[in-house]
Amino acid sequence: MSFPTEQDYIEKLKYLLVCKFEWEAGKDLHNRDFEYLSEHIFEKTKVTISVSTVKRIWNNAAHHTPHVSTLNAIVQLLDYENWQIFKIKNQIIILVNPQI
């Protein structure tokens, strides 16, 4: 058994966002979807995350972990206080069912 990686948590975050916004799982998102997500992040957190940053996270460009402040803002859409809390509360779920 291995522990979840940052990328595992990002995948879980994306899955939960798909559920929250009722997007079709497995379907490619369009620019308007990324704009919608960026706008919702700002409305809830007053933190601006560019559409290109949201796309990069979603498409896993450059295979790097986004800055924690970016992740903090995004998880607040799902009513988590911050990225660390998100990871703590989702660790068991990832370990039990790594496909989600």
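Me: How do H1 and H4 pack, at what angle and how far apart are their axes?
Reply: Helix H1, which covers residues 6-20, packs with H4 at an angle of about 30°, and their axes are 11 Å apart. This is a predicted model.

Me: Parallel or perpendicular, then?
Reply: Angles under 35 degrees count as roughly parallel, and H1 and H4 are therefore roughly parallel to each other. Their crossing is left-handed.

Me: Which residues meet there?
Reply: On the H1 side they are Ile10, Leu13 and Leu17, and these meet Leu71, Ile74 and Val75 in H4. Divided by class, the residues of this contact of H1 with H4 are six nonpolar, no polar and no charged.

Me: Stay with Leu71 for a moment. Is it buried or exposed?
Reply: Leu71, which is found in helix H4, has a relative accessibility of 1% and therefore counts as buried, since the term is used for values under 20%.

Me: And what is Leu71 in contact with, apart from its neighbours in sequence?
Reply: Leaving aside the neighbours within four places in sequence, Leu71 is in contact with Ile10, Leu13, Thr65, Pro66 and Trp83. For one of these, Ile10, the separation from Leu71 is 61 residues in sequence, while in space the two are 8.6 Å apart, taken from C-alpha to C-alpha.

Me: Let me step back. How many helices and strands does the chain have?
Reply: The secondary structure comes to five helices and zero strands, and reading along the sequence gives the pattern α-α-α-α-α.

Me: What share of the residues counts as buried?
Reply: The chain has 100 residues, and 37% of them count as buried.

Me: Which residues of H2 and H4 meet?
Reply: From H2 there are Ile41, Lys44 and Thr45, which meet Ala73, Ile74 and Gln76 in H4. By class, this contact of H2 with H4 has three nonpolar, two polar and one charged residues.

Me: New topic: where does Asn90 lie?
Reply: Asn90 lies in helix H5, the stretch of residues 83-96.

Me: Buried or exposed?
Reply: Asn90 counts as buried because its relative accessibility is 2%, against a limit of under 20% for that term.

Me: And what does the side chain of Asn90 join up with in a polar contact?
Reply: The side chains of Asn90 and Tyr80 are joined by a polar contact of 3.3 Å. Apart from neighbours within four places in sequence, the residues in contact with Asn90 are Tyr9, Lys12, Leu16 and Tyr80.

Me: Why does Lys87 count as buried?
Reply: Lys87 has a relative accessibility of 16%, so it counts as buried, given that the limit is under 20%. With neighbours within four places in sequence left aside, Lys87 is in contact with Glu6 and Tyr9, and Tyr9 is also among the residues in contact with Asn90.

Technical notes. Residues numbered from 1 in each chain as written. Predicted model: local features only at pLDDT ≥ 70, side-chain atom pairs only at ≥ 80, totals over all residues. Heavy atoms only, no water. Helix = DSSP H or I, 4+ residues; strand = E, 2+ residues; numbered from the N terminus. Buried < 20%, exposed > 50% of the residue type's maximum accessible area, 1.4 Å probe, protein only. Polar contact = N/O pair within 3.5 Å; in protein donor to acceptor, adjacent residues only side chain to side chain. Contact = heavy atoms within 4.5 Å. Nonpolar A, V, L, I, M, F, W, Y, C, P; charged D, E, K, R; others polar. Axes fitted to C-alpha atoms, helices over the stretch in contact; angles between N-to-C directions. Parallel < 35°, antiparallel > 145°, perpendicular 65-115°, else oblique. Left-handed = near helix turned anticlockwise from the far one by under 90°.
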